[in-house]
Amino acid sequence: MTERYVLAVDQGTTSTRSIVFDRAGRLVAVRQREHRQHFPRPGWVEHDPEEIWANTQLTAAQALRDVAGAPGQVVALGIANQRETTVVWDRATGRPLVRALVWQDTRTGPLVEELAARPEAALVRERTGLELAGYFAGPRLRWVLDAVPGARARAERGELLFGTMESWLVWNLTGGTDGGVHVTDVTNASRTLLMDVRRCRWDPDLLDFFGVPAAMLPEIRPSVGVLGTASALPVPLPIGGALGDQQAALFGQTCFAPGEAKCTYGTGSFLLQNTGTDLVRSRHGLISTVAYQLAGEPVHYALEGSIAVTGALVQWLRDSLGLIGSAAEVETLARTVSDNGGCYIVPAFSGLLAPHWEGRARGLVAGLTSYVTKGHLARAVLEATGWQTRDVVRAMDADSGLPMEALRVDGGMTTNNLLMQFLADVLGSPVVRPMVGETVSLGAAYAAGLAVGVWSDTGALRRNWHRSAQWVPDPGRVAALDAAYPEWERAVQLSIAWGERR
Amino acid sequence: MPGTVQSIERAATLLHAIVESGGQMGVTELAAAVGLPKTTTHGLLRTLLAVGFVEQDPRTGRYALGAGLLGLGSHYLDANELRSRASNWADSLAARSGFAVRLGTPAGLQVVVVHHVFRPDDSPQELEVGSVLPAHATAVGKVLLASRPALARALADARLEALTPRTVVEPAALLAELQTARARGWAEQRGEYRLGVGGIAAPVHGPGGLVVGALGVSGPAEELFAEGARPALRTMVVEAAAAVSRELLA
Ligand SMILES: Nc1ncnc2c1ncn2[C@@H]1O[C@H](COP(=O)(O)OP(=O)(O)O)[C@@H](O)[C@H]1O
Ligand SMILES: [Mg+2]
């Protein structure tokens, strides 16, 4: 039998990657391009949707050319995307109304506080499984409708379209102004605060609450199932699936059974645990979200611990402080010292998400003395990722009643050995990395391949999963870090208190 | 090697010694590291200083690589950066070959493992990142030695440890093998480090063309060198190493 390949596009926060996988789930081509981060004001983070669309076309064409010996053997396209990032565009011209409001953007803080004070606000948590927070897409959409003159009226007339990144890409891939399909997948829709998480439909009460016209919303589709034909690629391909990047990673890690969990370490980090077809509500500060849905099957849910800033703190060390030349060099710098020198960094750049949900919290560096060097700062930067993981793992253990046996990890930060060992020590459990570090892309490829029959079922995918590395906790370090945990918790409380004084 | 200029070769050896120390070295240390008299070493360093290839710390008097080298297009490559760039292709090589993968960087006559991907069979394995291997007995080591003729010649005086009965300890035999490895672009090892465990490796080139690392597979020699398996494996290894080299250009 001739080999068949699947193309995945991972439209991430820092870059867009196009990756081709074979039937054994092995990477055969990868092309990547970073896009510009716009910070027009403090707390504002924007991306140019047209730049991202151009990068998608470019990297996809390059990756397809890399496997050009096999025309016709690439049989489907899957999409994974940065979640909650909000695009509004003109149906007639295809031009974005404003730049995309990125998931890290905090401009909707005051709007959300205003909405939260309303008597109907309790409805939001109940219907969506989420917190009423500026992190999600709905408030951003509302902000655009308020900020751009005439936008609301045009949206009501159906002239403007809303979507998260996968919607924007699918619409363009399927023809744009010339018959583009306006759809979203159910995992992305579950991050808007506009969808009823049980019925998986746009909820009229929520649309009223946020003041969003139904006419501009995409149709909600399963994550696995053909959405249309990507006619804008050099080789037209069926788009077999789309998922939010974190759900894609859960899928790529083949966490198909209830209780199975993974954490993905990128710009932010996200712990997701499959809870099966039951929607489980957290009592410890996690959110309930859609994990995935295969066409014609019931929705699978997940509990999620969202951490906004992990890799982004490394980027800050590189771009804002200039202490390192590349993200990976943080490990070299951190290894110039043997501990954090008493220093803790709470990276609450845009408030704190799970398990605290403190939109006003702001970042701090605690424990500074003249003894602290840039090496200690680098350690504290990496440790912040470990401590924050401990916070969400503890919440998840409490919710499920079962301590996690081993943590499955993936994402850009997992090539950092110092960090991975710190994680094992701070959690007191082994940390396991799969053979495909690009698990987000793999999950999107799996979704698309399932839709067109490259794989028969999820069982076939499980057999592709192999361990590529494992970090085992060191008992001495585990005890020392247990003893230090209250220090971290105190630093977190200080960062929350700092925000409250504003 | 006929027709080489001794002082240039020595200067290159000094630069390698500074790189491999990971930072700064004093003149006494350097002289010891390259096996030259201190006065000779000092003379060489003065010239390197003059052309900007080394810099001297005014406080400590110690030497580091100079900014003049940056312009040559092949500046010092951070080992963690190398791992980060190599990761996707190392994963893919392990998955496709079915063998464990290691990425090594040079440290004198030894190799530092900067990346390790388990054999994809989910058997218990331990991460070996940071461990040090003897260059003369491993495939990754041979690739690195082959890329540094000055170092390779230092082998002639070194006592090569026989780690197994198959270890090549005769300098002339090893040098001949290194020359072949360099010419064909890959090296192998058949039970020379641990009996029954073999390896195949190929060079990873930095942006300036210098060999900055070696990427290789290792596993049971009878599987690795099974009839018919070797050419396909070799191609996979060479292609993966070339893919990492391309990644370093980006
Ligand atoms: N070796 C490393 N050590 C620490 N952080 C790293 C390392 N390599 C990459 N990162 C961080 O990981 C992030 C990129 O990972 P990626 O999975 O591509 O993220 P995203 O999908 O959010 O764009 C960046 O924030 C970068 O700072
Ligand atoms: Mg990502």
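Author: What follows treats the domains, the ligand and the chain contacts in turn. This is a predicted model, in which local features need pLDDT of at least 70 and side-chain atom pairs count only at pLDDT 80 or more, while totals for chains, interfaces and linings use all residues. Residues are numbered from 1 along each chain as its sequence is written, chains are lettered from A and ligands numbered from 1 in the order in which they are written, and side-chain values use heavy atoms, without hydrogens and water.

Reader: Which domains does the assignment give for chain A?

Author: Domain bounds come from an automatic or database domain assignment. In chain A, domain 1 covers 3–245 and domain 2 covers 254–502. Their C-alpha centres lie 23 Å apart.

Reader: How is the area buried between domain 1 and domain 2 of chain A to be read?

Author: The size of an interface is often given as the accessible area lost when the parts come together. Buried area is taken with a 1.4 Å probe and summed over both parts. Between domain 1 and domain 2 of chain A it is about 3800 Å², with carbon and sulfur atoms giving 63%. Contact (heavy atoms within 4.5 Å) joins 52 residues of domain 1 of chain A to 44 residues of domain 2 of chain A.

Reader: How many salt bridges cross the interface of domain 1 and domain 2 of chain A?

Author: A salt bridge is a side-chain nitrogen of Lys or Arg within 4 Å of a carboxyl oxygen of Asp or Glu. The rule finds four across this interface of chain A. Arg83(A) and Glu304(A) form a salt bridge, with their closest N and O atoms 2.9 Å apart.

Reader: Which residues come nearest to ligand 1?

Author: A residue is near a molecule if one of its heavy atoms lies within 4 Å of it. Ligand 1 has 17 residues around it, and Thr14(A), Arg17(A), Thr267(A), Gln315(A) and Gly412(A) come nearest. A polar side-chain atom of Gln315(A) is 2.8 Å from an oxygen atom of the ligand. For Gly412(A), a polar backbone atom lies 3.0 Å from an oxygen atom of ligand 1.

Reader: What do chain B and chain A bury between them?

Author: Chain B and chain A bury about 2000 Å², 50% of it on carbon and sulfur atoms. In chain B, Asn88(B), Phe118(B) and Asp122(B) lose the most area to chain A, together 25% of what that side buries. Two salt bridges cross this interface of chain B and chain A. Asp91(B) meets Arg433(A) in a salt bridge of 3.4 Å, N to O.

Technical notes: Buried area = accessible area lost by both parts, 1.4 Å probe. Polar contact = N/O pair within 3.5 Å; in protein donor to acceptor, adjacent residues only side chain to side chain.
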